[in-house]
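Visitor: I have a model open in my viewer and would like to learn how to read it. Could you walk me through a feature or two?

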Amino acid sequence: MFNYTPSENCLQNKTILVTGAGSGIGRQAALTYATLGATVILLGKTVEKLESIYDEIVENGYAEPAIIPLDLKGATKQNYIDMASTIANQFGKLDGALFNASMLGELTPYSQIHEQIWHDVIRVNVTAQHLMAQALIPTLLLADNASLVFTSSGVGSKGRAFWGPYSVSKFATEGLMQVIADEYDESTLRVNAINPGATATPMRARAYPAENQEKLSTAEQIMPLYVYLMSDDSKSVTGKVLNAQ
Ligand code: NDP
């Protein structure tokens, strides 16, 4: 596991957006950031799931989150621009963004990849990430030190049979991260990607239905890297893909 022990309230006064905050790793990251003092903005597709994590954060007495219900499959450039301006108006800056939401699509032989699934996976996992980053960077640059974190995968640096569109989308995610990191190298914005490693979540269960999830790391166990990249301790780290496990 990535070795980092955060200090209490290390994310105090930070506003952090988490995409895919309703489930799995994103849900745990939002809760962990709130526990460490951040105000979290919860973005996801299913409103009830966002309301559930919102309630959990409020019931525990942490800073009241904001909710942004958005389906990355249908969202337009204008939706992201509007979202960024709402965040700028409400919070004055954005200190961190964890781009965690993604879709697996279908695992199939390469010859049978369905055209629509290809387009959907690329739309959600690549194009949406690009449009969201482009819209949010001006608001991230309003913070003293901002952190943009993408989510890759083991199949984002080595292709794997049957994982076609998802694997290609994660290669693109790492490429996008590197391009933005290099371009903003001299700025207050750092840009990195996390490879979570095998983690017990609904997506993992869909990818490996026969696997015993109890033998995998939990989302809670992989949080040290997620916190490190949002805390000021990672201020000088940019352009990297880091393994959470
Ligand atoms: P989950 O399926 O549990 O969570 C994915 C999240 O993404 C959900 O909150 C989901 O929202 C959201 N999402 C999916 N499609 C859309 C969409 N069109 N618009 C908005 N939100 C959407 O997966 P994990 O927690 O496992 O995955 C988190 C990240 O980690 C992903 O990027 C994944 O690729 C990556 N990863 C995970 C690994 C693992 O072992 N778990 C290993 C390697 C990488 P909703 O629930 O509302 O559908």
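Visitor: Which residues line the largest cavity?

Guide: Bear in mind that this is a predicted model. The lining of its largest cavity is made by Phe99, Ala101, Ser102, Asn125, Gln129, Phe150, Thr151, Lys170 and Thr173. Two or more of the lining residues come from each of helix 4 (115–140), strand 5 (146–151) and helix 5 (164–183).

Visitor: How many residues of each class are in that lining?

Guide: There are 3 nonpolar, 5 polar and 1 charged. The space inside comes to about 50 Å³, and the structure has 1 cavity of 30 Å³ or more.

Visitor: Now the sheet. Is the pairing parallel or antiparallel?

Guide: The general idea is that strands of a sheet pair through backbone hydrogen bonds, in either a parallel or an antiparallel way. Here, 7 strands make an open sheet with parallel pairing, in the order 3-2-1-4-5-6-7. Strand 3 (66–69) and strand 7 (241–243) are the edge strands, each pairing on one side only. From one strand to the next, the twist averages 20 degrees.

Visitor: What stands opposite Ala97?

Guide: Leu148 in strand 5 does. Strand 4 (residues 96–98) and strand 5 pair in the parallel sense over 3 bridges.

Visitor: And which strands does helix 5 touch?

Guide: Helix 5 packs on the sheet against strand 5, strand 6 (189–195) and strand 7. The direction of helix 5 makes about 160 degrees with that of strand 5.

Terms used. Residues numbered from 1 in each chain as written. Predicted model: local features only at pLDDT ≥ 70, side-chain atom pairs only at ≥ 80, totals over all residues. Heavy atoms only, no water. 1 Å grid on protein atoms, 1.4 Å probe; cavity = no way out; pocket = protein on both sides within 12 Å on 5 of 7 lines; lining within 4 Å. Points joined across faces, edges and corners; volume = space filled by probe spheres on them. Helix = DSSP H or I, 4+ residues; strand = E, 2+ residues; numbered from the N terminus. Nonpolar A, V, L, I, M, F, W, Y, C, P; charged D, E, K, R; others polar. Pairing = 2+ DSSP bridges. Axes fitted to C-alpha atoms, helices over the stretch in contact; angles between N-to-C directions. Contact = heavy atoms within 4.5 Å.
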